[in-house]
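These are my notebook entries on a single protein model. I set down what I looked up, in the order in which I looked it up.

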Amino acid sequence: MTNSKEAGPHPSRWRKFLQYIEVPTDPGVSNTPWLNRDLIPMPKERRTYKIWSYFIYWCISGLCISGYAAGSTLLAYGLDAQQAIVSLVIGGLIVGVLCVACGWMGERLYCGVGAYFPVLVRVFVTIFWDGLQAYWGGQAVAVTIGAIIPGAQPSFQIEQCLFYLIIGFTHMKQTLAGGTLLTKDFIGIIIYYMFFVATMRIPPERLQKPFIISSVMFGGTLIGLLTWAVSNTHSGGPLFRKQANPVHGGTGWSMLFGITAILGAWGGGTVGQSDWTRYANRPYAPTLSQLIAAPFCIIVCATIGIIVTSCAQEIVGSLIWEPFLLLATLQDYYNDSPRVRAAIFFAGLGCVCAQLGISIVLNSVSAGMDLSGVVPRYINIRRGAYLLAFLGLASNPWQYLSNASTFLTVISGFGIFFAPFSGILLADYFIVRRCVIKLEDCYIGDKRSIYWYRNGVHWRAPLAWVLGVFPTMPGLIMTTRDATTWNVWVRIFHIAFFVGLLISFVTFSVICWVSPPGNVGIGVSYHEESNLEAEGKPETEENGPV
């Protein structure tokens, strides 16, 4: 790989510096204000994802700690176990359908989807998701380290000198951030980020094998926890015998909120499906996994979370919905038994692998590519991922995860922003443009592009987005301030994903029918070449304006 060169016989030091920090390029693809090698339609040699690859992708996306906890935390709102599972099934099936629809353009044209405003909103939300995943990953690292050596005191002075810190790690009680963050968890976060930085060195098109390792490891953790839980209780636990007691609004509204929470949790993944379907080695490769593997993995992981949480309550006497905290509790419950510590080490390692996988799949690669679209000359997927990881740590995730109610409010709130984006994307691609895109014009940043609209702003889209977000905002604000509030605005917020998607889809379609954007029907519905054709090359420093 090479770096593109600045014009001029005697570039200044500033120009030399800017040239030095440019992202690497491929032959024939220069860095411009609109593209780099990560943003162009995916060349054929980089389309390495097959049907099984996307199945593994959804094992990563669905079999994760946030998926495990999402099902369990529904119980905090008064649903019984059966109702929570029904909510998971409905939400998972809807996620699968949305993934197919939102990823269709990437599968056909091998490019991602992006515009400045949606990208910035998505990057903002990803910061918090990245922080959340890193926090859980750090806690999993802490549990894994704590299983290696228990909190016993050393016998010899030399051991005291060499191993004092790690020997006391398991039972370290010091806290930071006003008591909301254990020092050992912060140490775990730092170690987790070391593994994350190393993993992100692998290009997205070569991540299949690491994804397999992650899926197998966490799958083993889930099977082990489920086996332990059911074999000790010989049932599904007390939560399956407990009657529903909705916090407010009745069972129907609580289930709708649960469905909305699931859609909100995976909303960013549905909008960004094209970021991964563009790596497909042939058409329809992602479709089967999206329709089957996506809901299956989401439903299975969250259901296991509910069963294990329920059984654990009967065994240890506490309702623990994070698997890594349950592992730490079991180490104490079984008095640091060597066999138990060995099991906890491998189970904790599975949680670490799961967090690395989900951070890369849903946060780093997709959002890193989004951030790359803002400043493509200087930010690529890898650099974007590193920047988001830093900002995620700075977001203090331990604060907004301090209790289950706050967690559900946060992930449901994410959905109110992504649902309108999904509605606009689907309406524009399927209804307005009939799946026909002039691909080369997507990389031209002036009025020569048919997608330049009015000074680069497609005014119909932000109008439809505002109309989709507006009805759900009051309920989000009221719920955040007082979780006991119950009125018509809160009810609308409980079905925010459905309301936002439907309103934005309909309003955008109607606006474009009343005021057509023009140049509709120009382009292709399927990109067959690995690179843009010569007559349609995007503007670069070598070939000049199109």
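**Entry 1: basis.** I am working with a predicted model, in which local features need pLDDT of at least 70 and side-chain atom pairs count only at pLDDT 80 or more, while totals for chains, interfaces and linings use all residues. Residues are numbered from 1 along each chain as its sequence is written, and side-chain values use heavy atoms, with hydrogens and water left out.

**Entry 2: the chain.** I noted 21 helices and two strands in the protein chain; these are DSSP runs numbered from the N terminus, helices being H or I with at least four residues and strands E with at least two. Of the 546 residues, 56% are buried (buried is under 20% relative accessible area, exposed over 50% and partly exposed in between, with a 1.4 Å probe and protein chains only). The chain exposes about 23400 Å², and carbon and sulfur atoms supply 65% of that area (Shrake-Rupley method, 1.4 Å probe; for residues, only the protein chains shown count as cover). Among contacts with a separation of 6 or more, 82% join residues 24 or more positions apart; a contact means heavy atoms within 4.5 Å.

**Entry 3: helix 2 and helix 14.** At what angle do helix 2 and helix 14 pack? I found about 110° between helix 2 (residues 51-62) and helix 14 (residues 338-374), with the axes 8 Å apart. Helix 2 is therefore roughly perpendicular to helix 14. The axes are lines fitted to C-alpha atoms, for helices over the stretch in contact, and angles run from 0 to 180 degrees between N-to-C directions; under 35 degrees counts as roughly parallel, over 145 as roughly antiparallel, 65 to 115 as roughly perpendicular and the rest as oblique. From helix 2, Tyr57, Ile60 and Ser61 meet Gly357, Ile358, Val361 and Leu362 of helix 14. The residues of this contact are five nonpolar, two polar and no charged (Ala, Val, Leu, Ile, Met, Phe, Trp, Tyr, Cys and Pro count as nonpolar, Asp, Glu, Lys and Arg as charged, and the others, Gly among them, as polar).

**Entry 4: helix 9 and helix 21.** Helix 9 (residues 250-265) packs on helix 21 (residues 496-514) at about 65°, with the axes 8 Å apart. Here Ile259, Thr260, Leu263 and Gly264 of helix 9 meet Ala496, Phe497 and Phe498 of helix 21.

**Entry 5: aromatic rings.** I recorded 19 aromatic pairs. Rings of Phe, Tyr and Trp (its six-membered ring) pair if their centres lie within 6.5 Å; planes under 30 degrees apart count as stacked, over 60 as edge-to-face and the rest as tilted. The Trp276 and Tyr279 rings have centres 6.1 Å apart and planes at 45°, so this pair is tilted. Both Trp276 and Tyr279 are buried. For Phe421 and Trp465 the centres are 5.4 Å apart and the planes at 20°, so that pair is stacked. Phe421 lies in helix 17 (residues 404-432) and Trp465 in helix 18 (residues 460-469), 44 residues apart. One aromatic cluster is formed by Tyr49, Tyr54, Tyr57, Trp58, Phe211, Trp276 and Tyr279.

Entry 6: Gln83 is in helix 4 (residues 81-109) and is buried, with a relative accessible area of 17%. Not counting residues up to four places away in sequence, Gln83 touches Ala244, Thr251 and Met255. Ser72, in helix 3 (residues 65-73), is buried, with a relative accessible area of 4%. Ser72 and Ile306 are 234 residues apart in sequence and 4.8 Å apart in space, C-alpha to C-alpha.
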